[in-house]
Amino acid sequence: MDENSRKDNNFLTALKGLIIGGTMLVPGVSGGSMAMILGIYDRLISSVSSFMKNKKENLIFLVVFSMGGILGVLLFANPLLQLIERYPMPMLYFFIGAVAGGIPLIVRQAGAKRLTWRIAGYVVLGLIAVSALGLLPQDLFNAENSSGTVGFLLLLIAGFVTAAALVLPGISVSYLLLLLGLYDRTMSAISTLHLPFLLPLGIGLVLGIVLITRALERAMAAHPHPSYFIILGFLLGSVAEIFPGVPQGLALPVCAITFAAGFCAIFFLSRMEMKKEQHRS
């Protein structure tokens, strides 16, 4: 790869990190979802799970992506949240349009030539899996009244489960922590650096990320159709979670415009990703 191509790749990586970082705090929008529709998801998975195979290249990629993500959080997270608070329906239609714009790239990555009943079944399976999260018992891993080894193990398992929300598209980390009854305690522990709580949670999180990314990398390589289309089901399930209803009156053309803007923005980036893949091949 020549110097110009390397700079272009780093710019695109930083730009996608910027977008993902800026949208991570949006309710119902997961970082994994944005990574998938931007076409950088499988690269993130492989760079973590196979880090030691190409340490220098993977390190550069992760640093560039992380810098973009941190900048995105600092620059865009609060303005986006304020826009959603002030104009909830148009902004949520923007994100729904973004998901729709990324679907062609996901289908291409899956290598599907035509729609079959089996493929539709994989999508439905992903939808069911995301919907089933709402059936989890409240406070399932709440270790507030547990101490010692029991509390440590509960937080370790909770960290592992939370890793799935970080890695898998369509699952919001904040939503999962709320389901587990750990959201308030986690936010409080982060603000006060309460290590007895954060340490086991962090160990479980790191362990979960490593194991889940390795399993995902193997699944996407060996079984691309099931893997990508189940993930597509996750994404569609996340859309159902943030769907604000059908707009009425003047809100209808406004939401149509924001939907189109989200679709075109991600579709354009997806086309750039497709061209980059064609150039590499």
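Visitor: How much of the protein chain is made up of buried residues?

Guide: Buried residues make up 42% of its 281 residues. Buried means under 20% relative accessible area, exposed means over 50%, and partly exposed is in between, using a 1.4 Å probe and protein chains only. Before we go on: this is a predicted model, so local features need pLDDT of at least 70 and side-chain atom pairs count only at pLDDT 80 or more, while totals for chains, interfaces and linings use all residues. Residues are numbered from 1 along each chain as its sequence is written, and side-chain values use heavy atoms, with hydrogens and water left out.

Visitor: What makes up the secondary structure of the protein chain?

Guide: You'll find 12 helices and 0 strands. Helices are DSSP runs of H or I with at least four residues, strands are runs of E with at least two, and both are numbered from the N terminus.

Visitor: Where is F152, and what does it touch?

Guide: F152 is in helix α7. Leaving out residues up to four places away in sequence, F152 touches P200 and I203; a contact means heavy atoms within 4.5 Å. F152 has a relative accessible area of 37%, so it counts as partly exposed.

Visitor: How many aromatic pairs are there?

Guide: The count comes to 4. Rings of Phe, Tyr and Trp (its six-membered ring) pair if their centres lie within 6.5 Å; planes under 30 degrees apart count as stacked, over 60 as edge-to-face and the rest as tilted.

Visitor: Why is the pair of F61 and F65 called stacked?

Guide: Their ring centres are 6.4 Å apart and their planes are at 15°, so the pair is stacked. Both residues lie in helix α4 (residues 55-86), 4 residues apart, which is about one turn of the helix.

Visitor: Are F61 and F65 buried or exposed, and how do you know?

Guide: F61 has a relative accessible area of 7%, so it is buried. F65 comes in at 14%, so F65 counts as buried too.

Visitor: What about F263 and F267: why are they called a stacked pair?

Guide: The centres of their rings are 5.6 Å apart and the planes are at 10°, so this pair is stacked. F263 and F267 are 4 residues apart in helix α12 (residues 251-280), about one helical turn. F263 has 28% relative accessible area, so it is partly exposed. At 29%, F267 is partly exposed as well.

Visitor: What makes R43 and E57 a salt bridge?

Guide: A salt bridge is a side-chain nitrogen of Lys or Arg within 4 Å of a carboxyl oxygen of Asp or Glu. For R43 and E57, the distance from N to O is 3.6 Å, and there you have a salt bridge. The pair links distant parts of the chain, with R43 in helix α3 (residues 41-49) and E57 in helix α4, 14 residues apart. By this rule the count is 1 salt bridge.

Visitor: How do you know that R43 and E57 are partly exposed?

Guide: R43 has a relative accessible area of 23%, so it is partly exposed. E57 has 43%, so E57 counts as partly exposed.
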